[in-house]
Amino acid sequence: MAERSFDEARALGLKIVTDDGDGTGSLNTSGGGGGGGGDASAANQVLQIVEETAINTRIGEVQASPTANTLLDRLKTLATSFTSLFALIGEVQASPTSNTVLDRLKQLLTNAVPKKGTKTSFGVGTQPDTTARVIFAANSSRICAVIQNNHATNSLYLGKDNTVTASIGGYMVCLPPGAVLVDNDSSDAWWGITSTGTAAVSGYEVA
C-alpha cells in the first residue's frame, strides 16, 4: 500500500496512529473530508447564515407591503398590473362591462352583421310639385330609403325639411328624370319639390 503523508491522511478523513516515543501510540481522527474541523464547521455555518440572509433579503417579506424592489414586491406589482389589465379587457360573458375591450368587440361584431327590416312603400297623398312635400318622415329605426324620380322631364329636388327649394343652394340633391337616391346613412326626413309641374316619385323605406 502506498504511504500517505499526515496532511493527506487528514484531508481524506483517515484515522492516524502516531508513535509517542515511549512505546505507546496516540489515535488522531482527522477533521477532513465532508465534516471538517471544529473551526471550519463554525465558519461554514456563519457563511450559510450570511447567504440565507442575503437570499431572504432579495425575496422580501410575506406581507401586504414587501420591501421595495424585492422579489415579492415585484410579484405584487405584476399582480396589480394584471388586475388592471383584466379590468380593461372585461369579462368573458354575454354582457361584458361597458367600454372594456370585449364590450367594444361585441359592439363591432353586432354592427358588422347586416341589419334586416321591413320595406314600406312610398305613398303620399300628394306628389311633390312646386310646393315642398314630405316623401319620408324622419325615422330613427330606418335602415335604408330609396327614392326614384319617374317623371319623364321634371327634375326632383330633395332636402331634409319643408324649406327645400328648386334653387341652387336650396336643396341637398337633385334627381333628374329616372334617377334614384339610396340613403343608407341617415334617419332624417326627405322632402321633395319641383321647379315646375308635378313629380312622379316612387320608392320605399326599410326599417
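1. A quick definition before we start: two strands count as paired when DSSP finds at least two bridges between them. Keep in mind that this is a predicted model.

2. With that in hand, look at strand E10 (residues 201–206). Strand E3 (residues 119–121) runs antiparallel to E10, and three bridges join the two.

3. Now the aromatics. You'll find two aromatic pairs in the structure. One of them is Phe 82 with Phe 86, a stacked pair with 6.2 Å from centre to centre and 15 degrees between the planes. Both residues belong to helix H3 (residues 71–89), and because they are four residues apart there, about one helical turn separates them.

4. How open are those two rings to solvent? Phe 82 comes out partly exposed, at 43% relative accessible area, while Phe 86 is exposed at 53%.

5. Then there's Tyr 157 with Tyr 171: ring centres 4.9 Å apart and planes at 55 degrees, so this pair is tilted. The pair ties together distant parts of the chain, 14 residues apart, with Tyr 157 in strand E6 (residues 156–159) and Tyr 171 in the loop between E6 and strand E7 (173–175).

6. Is Tyr 157 buried or exposed? Its relative accessibility is 12%, so Tyr 157 counts as buried, the cut-off being under 20%. Tyr 171, at 22%, counts as partly exposed.

Definitions and conventions: Residues numbered from 1 in each chain as written. Predicted model: local features only at pLDDT ≥ 70, side-chain atom pairs only at ≥ 80, totals over all residues. Heavy atoms only, no water. Phe/Tyr/Trp six-rings, centres within 6.5 Å; stacked < 30°, edge-to-face > 60°. Buried < 20%, exposed > 50% of the residue type's maximum accessible area, 1.4 Å probe, protein only.
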